[in-house]
Amino acid sequence: AYIDTIQGYLNPRIYAALNLASTPILGIYGCTDSSAANYNPIATVDDSSCVYCTAAPYCESFDFGFGTWTNNGWTNNNGGTASNGTGPTDDITGGGSYMYYETSGSPANSVSIVSECLDISSLATPTLSFYNHMYGSAIGTLNAYVNGDTVWTMSGDQGAQWNWIQVNLSTYGGQNVTIIIEATYGGSYTGDIAIDNVCVGELGVIYGCTDSAAFNYFSAATIDDGS
């Protein structure tokens, strides 16, 4: 004990290092499953925190709210918007709901909606598709992001109709992806922007309800999305 005290006094850094070397190394806790979205390659002990992505093809119609998306300011609505000369009069299928950015009053400068984690590894040609409605004299900008990258953007009045967009995501093949759709303010109440039927699936495929007996039947759909 006396020698230990002298050694620590003479060279505390070396003594501390020797002491540390004789201490058992604790495990590094984290998700150890490489198929999980939050896999930690340096973790040695699994802490049951693993989060798994939803396998594409995946669609959200917004007919029953915003589903598993994280909503930051969009409004779920059916029928028309409150302001004249802007916004849609119905959703894309007729009788359902959609998400829109209300620009009357004192709107936020921007709104966004964020998808859950999506696994696109099984898709031959992964594609983001959605409908947008950008009608009004003060339409701002609509942006789509994938894993933080801007993959599509549009500004200004695009007419009083729903417009279908497809974005090829082949550069993200084999990855897990998170989608963000953001709308920005155009300066006036006539700037309502709406989105509907957001899907991640195969290029050229229109997802939707293909059963003509259903209230949300979508005549343009080529693949039933189970909605």
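User: How many helices and strands does the secondary structure of the protein come to?

Analyst: The protein comes to 2 helices and 18 strands. Helices (H or I, at least four residues) and strands (E, at least two) are DSSP runs, numbered from the N terminus. This is a predicted model: local features need pLDDT of at least 70, side-chain atom pairs count only at pLDDT 80 or more, and totals for chains, interfaces and linings use all residues. Residues are numbered from 1 along each chain as its sequence is written, and side-chain values use heavy atoms, with hydrogens and water left out.

User: What order do the strands of the open sheet have?

Analyst: Start with the general idea. Strands of a sheet pair through backbone hydrogen bonds, either parallel or antiparallel. Two strands pair here if DSSP finds at least two bridges between them. The open sheet has 5 strands in the order β5-β8-β15-β11-β12, and the pairing is antiparallel. β5 (70–72) and β12 stand at the edges with a single partner strand each, so one side of each has no neighbour in the sheet. From one strand to the next the twist averages 10°. Axes for such angles are lines fitted to C-alpha atoms, for helices over the stretch in contact, and angles run from 0 to 180 degrees between N-to-C directions.

User: Which strands does β15 join, and over how many bridges?

Analyst: Strand β15 covers residues 179–184 and is joined to β11 by 5 antiparallel bridges. Another 5 bridges join β15 to strand β8 (residues 110–114), again antiparallel. Now read the residue pairs. I181 of β15 is the bridge partner of I113. I181 is also the bridge partner of A144. E182 in β15 stands opposite N143.

User: Is β15 enclosed or open to the outside?

Analyst: Buried means under 20% relative accessible area, exposed over 50%, partly exposed in between (1.4 Å probe, protein chains only). In β15, 5 of the 6 residues are buried, so the strand is largely enclosed by the rest of the structure. For the protein, buried residues make up 41% of the 227 residues.

User: How do β11 and β12 pair?

Analyst: Strand β11 (residues 141–146) and strand β12 (residues 149–155) are antiparallel over 6 bridges. A144 stands opposite W152 in β12. The hairpin has 2 residues between the strands, and N147 takes a positive phi near 50°.

User: Where is D47 found, and what does D47 touch?

Analyst: D47 is in the loop between β2 (45–46) and β3 (54–55). Contact means heavy atoms within 4.5 Å. Leaving out residues up to four places away in sequence, D47 touches Y29, G30 and C31. D47 counts as partly exposed because its relative accessibility is 35%. Across the protein, 65% of the contacts with a separation of 6 or more join residues 24 or more positions apart.

User: What lines the largest cavity?

Analyst: On a 1 Å grid over the protein atoms alone, a cavity is a set of points where a 1.4 Å probe fits but cannot get out; lining residues have an atom within 4 Å of a point. The structure holds 1 cavity of 30 Å³ or more. The largest cavity has a volume of about 70 Å³. Its lining has 13 residues, and S61, D63, T93, N197 and N216 lie nearest its centre.

Methods. 1 Å grid on protein atoms, 1.4 Å probe; cavity = no way out; pocket = protein on both sides within 12 Å on 5 of 7 lines; lining within 4 Å. Points joined across faces, edges and corners; volume = space filled by probe spheres on them.
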